[in-house]
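Open the structure in a viewer and keep the selection tool at hand. The stops below say what to select next and what is there.

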Amino acid sequence: MKQVINLELNGERYEVAVAPHATLLEVMRRELGLVGAKKGCDTGGCGCCTVLVDDRAVYSCMTYAMTLEGKKITTIEGLARDGKLDPLQQAFIEAGAVQCGYCTCGMIMAAKAFLLNSRSPTEAQIRQAIAGNLCRCTGYRKIVEAIGLAAR
Amino acid sequence: MSELSVVGQRVRSPDAYDKVTGGKGFPVNVRLPGMLHGKLLRSPYAHARIVRIDTAKAEKLPGVKAVLTPSAVPQIKYHSVFFAPNLDPGMVRDMLILSDTVRFAGEPVAAVAATELEIAEEALELIDVEYDVLPAVFDPGEAMRPGAPQIWEHAPNNVAVNLSFGFGDVEQGFKQADYVFENTYQTQRVHTCYMEPRVCVVDSDRQGDLTVWSSTQHIFGLQEKLAFALGLPISKVRVVKPRYIGGGFGGKLDLGYIEPVCALLSLKSGRPVRIEQTRYEDFITTARHPVKVQLRTGVKKDGTFTARYAKSILETGAHATHGAVVLPVHGLMGFLLTYRCPDVKWEGCAVYTNNMIGGGFRGYGGPQGAFAVESQIDEICEELKLDPIAFRLKNAHREADPHPFNPNFTLSTYRLDECLKRGAQEFEWSKRQSAGSGSGTKKRGIGFACQPLWVSGCVGFPGIYEHSGAIVKLNVDGTADLSIATVDMGCGQNAVLSQIVAEELGVSADAVRIAYADTQTVPFDAPTHASRVTYSAGNAVKVAAGSARKRLLEVASQLFGASPDDLEVVNGRVRLKGSRAKEIPIAEVVELAGAPALTLGLEGNQRTPIADKGTILGTSSLAPASNPSPATAEFVEVEVDTETGEVRPLRALFAHDIGRVISPLGAEGQVEGGFQQGMGFALMENLVFDSETGSCLAGDFLNYKIPTAIEMPGEIKSLFIESNEPSGPFGAKALAEPCLIVPAPAIANAIYNAIGVRVRELPITPEKILAALGKL
């Protein structure tokens with residue numbers, strides 16, 4: 001049975017009817033037209049669907065939408081402000097950290113959550129922070145470099 | 001060659017902005033009004049005949065709009081591989097959209113389209129299938145034995161394809177050898193792990209014309225294969241090119257079950273139908289073929305090859321498909337042609353089993369060959385106390401030799417020697433210790449491996465599409481649109497091709513836009529595969545851009561009152577060669593070329609100075625003129641924990657004769673990403689199946705482990721040897737596949753150097769290390 005909930009996504013309020021088993025990922029992609037978070041596995045194994053909930057990185061495929069009433073959700077669509085890219089987005093472009101791009105949005109969101117609490121991270125800390133996000137194209141080196149760039 | 005202004009620059013990918021802000025251009029995002037959701041019912045049995053399918057209950061479920069069973073689909077046998085024509089005699093046509101016999105666990109038996117995904121899933125559970133379960137076989141060795149279950153009538157002993165190549169007299173060659181080495185190497189089944197699932201949407205109109213959106217590496221291959229399987233003329237099928245896809249690596253190089261099923265569900269329901277595979281379905285859709293390679297190699301005391309023999313047994317799974325081509329590519333490029341040797345022979349067969357179907361995967365038979373060949377060379381060098389670099393150079397092809405596959409081609413640029421020498425120097429190879437000599441429980445070792453010969457395209461196999469075409473159109477704002485069928489799957493094809501157009505036109509890279517394309521609007525292009533795009537499509541793009549430039553200068557010549565030959569384009573402006581006195585922006589020339597003959601102004605009607613009106617554009621469609629070989633060596637240092645068996649790659653250096661580097665950022669990305677895939681292949685990845693039931697046991701990323709940022713070495717260096725190939729666009733050759741071919745043997749050789757024990761079976765897991773050390 002669907003139930004109407006209020007979601008705060010990227011600073012906007014959405015009233016949406018969701019089934020108890022609907023994940024945030026499904027609701028965003030199917031109901032709200034927010035396609036930045038990607039479905040790579042749907043089992044919490046790849047990180048392509050990573051978004052922020054109250055500034056913490058979560059797999060949106062493993063998070064029931066119903067549990068998010070009153071929480072602040074940020075997706076890749078909410079990262080750029082007034083047409084200006086977030087330093088992470090800019091750094092990913094500059095460093096050549098984007099190849100096929102399917103992991104990119106989740107990767108940037110995982111890095112965003114990390115950098116909110118870590119001002120001058122070491123390379124090892126950056127690698128640890130994105131260990132839950134798989135990339136099959138880049139070998140991660142340029143992604144790590146981009147996150148380091150954005151941190152500075 | 002004159003100075004280049006765009007080629008060789010670290011330009012940003014043209015898609016990067018879109019991808020960091022949400023990535024809307026992936027086919028997984030395609031949704032159409034009224035779209036239905038399809039699901040496939042898959043067999044739980046690895047080998048069975050379908051006695052009866054009852055879909056009555058499913059059809060009555062509200063929301064279900066169409067149901068398919070084998071009796072309701074065309075029974076046209078096809079092969080699914082995009083780059084080979086439908087009737088290519090080298091291919092085996094053993095595929096059906098839905099068959100009444102299933103040959104692997106997970107083969108589709110029925111399909112449903114419904115208004116909601118959940119309804120489609122519920123409908124699958126209402127379909128009642130009665131199976132007559134048949135005996136199954138999962139091991140290629142067992143499958144070839146007399147009395148084994150027969151999977152196909154056309155394949156006695158389950159051998160799908162049997163091939164042999166060679167030259168000289170191999171027995172004579174062995175007689176001349178001072179030493180003969182015999183070893184067997186085994187590789188495992190690994191998955192490409194493209195991140196975007198295989199997904200498609202198919203719409204049909206009332207005349208039965210189909211439009212297809214799919215996460216595919218080849219729009220023309222999909223059109224051709226889909227039309228054939230459905231029994232339609234190709235003009236009834238239009239495939240739309242995705243702006244980009246979320247990885248492919250060869251895993252999206254064939255017609256899947258989902259496209260023909262969606263097409264039929266759409267024709268039946270009159271509505272667009274979408275199927276997105278689950279990750280589990282993706283894992284059982286495509287994989288690198290496991291190959292067992294038996295090598296017999298004769299050498300002189302000084303390390304000169306006298307004879308080389310190999311026998312390869314490739315497991316193709318339930319259908320032949322790619323296996324029929326991976327096999328010869330593996331035999332030729334992975335073994336036979338790698339080094340110079342007077343007497344060489346290779347025999348191989350592709351064997352059916354009741355496992356999942358093997359598919360394309362970056363390197364296409366090369367990694368299995370290189371693991372065997374490059375491991376064994378190190379074993380020979382260790383035994384005979386020879387220097388492994390000198391050994392390889394002694395037996396390597398040389399620049400200006402005839403191409404060993406096609407003597408009409410020449411190895412006009414070929415710098416394996418430079419890859420090895422400069423690579424060794426930068427990696428400090430000379431500091432390598434003797435095998436297993438380190439003290440303590442954590443031992444370090446260094447090793448390397450080569451891929452001496454590879455392709456910049458398809459090398460001229462007779463049955464394979466190789467040509468490319470493009471349209472370059474100039475716009476009134478001075479930008480250029482490139483229309484081409486090439487799909488960018490993450491290797492930076494859009495960047496490379498834009499840079500080639502920009503260089504040829506004399507504009508900046510960001511002035512080139514990749515245009516919409518579908519199978520109706522652009523010339524044919526062979527797939528994004530075989531490391532071919534930069535070289536083959538690059539040449540086609542260069543010709544199209546050159547033709548547009550020629551027309552641009554013809555028009556501009558009327559403005560300068562000079563011959564087109566006296567003009568040049570620099571930074572988007574036309575001028576007399578070497579003169580800055582008068583410069584006219586391309587935008588102005590293009591506008592004047594297309595403007596009406598009479599323009600209305602305040603001073604009255606005026607004639608424009610350009611008489612012959614028209615759009616300035618250039619087109620091309622051409623086959624590659626040659627197939628220059630790249631050459632590759634990779635050096636790796638590892639640390640092996642002899643207590644836990646864990647292997648940690650610490651650093652890698654990849655030296656590659658790539659020709660001229662068009663796009664350095666993208667090229668480095670190929671190397672670094674290739675190492676991730678090669679390292680996974682070497683150390684951890686294994687798509688395991690239950691040996692009793694044939695069902696996949698590693699169908700998600702929790703059970704199928706690929707290297708994360710933590711396991712990857714912090715240092716991966718790219719050393720590009722820019723040999724400036726005369727037949728390539730601005731001197732370029734190829735890169736993509738060797739990046740994944742060499743890591744596994746390089747890592748295996750480094751492990752040997754660390755612990756003095758050889759593992760000949762991939763993946764080299766901690767268990768195998770400990771067993772090899774006698775600790776298990």
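In which sense do E18(B) and strand E19 (residues 512–514) of chain B pair, and over how many bridges? Select both strands: the pairing is parallel, and there are 3 bridges. Bear in mind throughout that this is a predicted model.

**Around E18 of chain B**

With E19(B) still selected, pick Arg513(B), which is the bridge partner of Asp481(B). Together with E18(B) and E19(B), helix H13 makes a β-α-β unit that is right-handed.

Next, select strand E17 (residues 468–474) of chain B along with strand E18 (residues 480–483) of chain B. These two run antiparallel and are joined by 4 bridges. Within the pair, look for Leu482(B) in E18(B), which stands opposite Val472(B). E17(B) and E18(B) form a hairpin with 5 residues between the strands. Select Gly478(B) in this hairpin: its phi is positive, near 85°.

**The open sheet of 7 strands**

Move to the sheet of chain B whose order is E3-E5-E1-E12-E9-E10-E11. This sheet is open, has 7 strands, and its pairing is mixed. At its edges stand strand E3 (64–68) and strand E11 (237–240) of chain B; each has a single partner strand, so one side of each is left without a neighbour in the sheet. From one strand to the next, the twist averages 25°.

Leu36(B) has Val273(B) in E12(B) as its bridge partner. Then show helix H6 (residues 219–230) of chain B, which packs on the sheet and touches strand E10 (210–214) and E11 of chain B. The direction of helix H6 makes about 150° with that of E11(B).

**The open sheet of 3 strands**

Select E4, E2 and E6 of chain B. They form an open sheet of 3 strands in the order E4-E2-E6, with antiparallel pairing. Strand E4 (101–102) and strand E6 (128–133) of chain B are the edge strands, each pairing on one side only. Strand E2 (residues 48–54) of chain B pairs with E4(B) over 2 bridges, in the antiparallel sense. To find this pairing, pick Ala48(B) and its bridge partner in E4(B), Val102(B).

**Two helix pairs in chain B**

Select helix H10 (residues 366–384) and helix H18 (residues 743–755) of chain B. How do they cross? Their axes come within 8 Å and cross at roughly 30°. H10(B) and H18(B) are therefore roughly parallel to each other, and their crossing is right-handed. On the H10(B) side, the contact is made by Pro367(B), Ala370(B), Phe371(B), Glu374(B), Ser375(B) and Asp378(B). On the H18(B) side, show Ala744(B), Pro745(B), Ala748(B), Asn749(B) and Tyr752(B). By class, this contact of H10(B) with H18(B) has 7 nonpolar, 2 polar and 2 charged residues.

Continue from H18 into the loop between H18 and helix H19 (766–772) of chain B, where Pro763(B) has its place. The peptide bond that joins Leu762(B) and Pro763(B) is cis, with omega about -5°.

For the other pair, select helix H11 (residues 388–395) and helix H12 (residues 416–427) of chain B. They pack at an angle of about 165°, and their axes are 10 Å apart. That makes H11(B) roughly antiparallel to H12(B). The crossing in which H11(B) passes H12(B) is left-handed. Show Ile389(B), Arg392(B) and Leu393(B) in H11(B), which meet Asp417(B), Leu420(B) and Ala424(B) in H12(B). The residues of this contact of H11(B) with H12(B) are 4 nonpolar, no polar and 2 charged.

**Chain A**

Show both chains. Where they are in contact, 39 residues come from chain A and 43 residues from chain B. The elements that give two or more residues to the chain A side are helix H2 (87–94), helix H3 (104–116), helix H4 (123–129) and helix H5 (141–151) of chain A. By class, that side of chain A, touching chain B, has 20 nonpolar, 12 polar and 7 charged residues.

End at Asp55(A), in the loop between strand E3 (50–53) and strand E4 (56–59) of chain A. Asp55(A) is a residue other than glycine, yet its phi has a positive value, near 70°.

Definitions and conventions
Residues are numbered from 1 along each chain as its sequence is written. Chains are lettered from A and ligands numbered from 1 in the order in which they are written. This is a predicted model: local features need pLDDT of at least 70, side-chain atom pairs count only at pLDDT 80 or more; totals for chains, interfaces and linings use all residues. Two residues are in contact if their C-beta atoms, placed from the backbone, lie within 7 Å. Ala, Val, Leu, Ile, Met, Phe, Trp, Tyr, Cys and Pro count as nonpolar, Asp, Glu, Lys and Arg as charged, and the others, Gly among them, as polar. Axes are lines fitted to C-alpha atoms, for helices over the stretch in contact, and angles run from 0 to 180 degrees between N-to-C directions. Angles under 35 degrees count as roughly parallel, over 145 as roughly antiparallel, 65 to 115 as roughly perpendicular and the rest as oblique. A crossing is left-handed if the near helix is turned anticlockwise from the far one by less than a right angle, and right-handed if clockwise. Two strands pair if DSSP finds at least two bridges between them. A crossover is right-handed if, with the strands pointing away from the viewer, the path from the first strand over the helix to the second runs clockwise.
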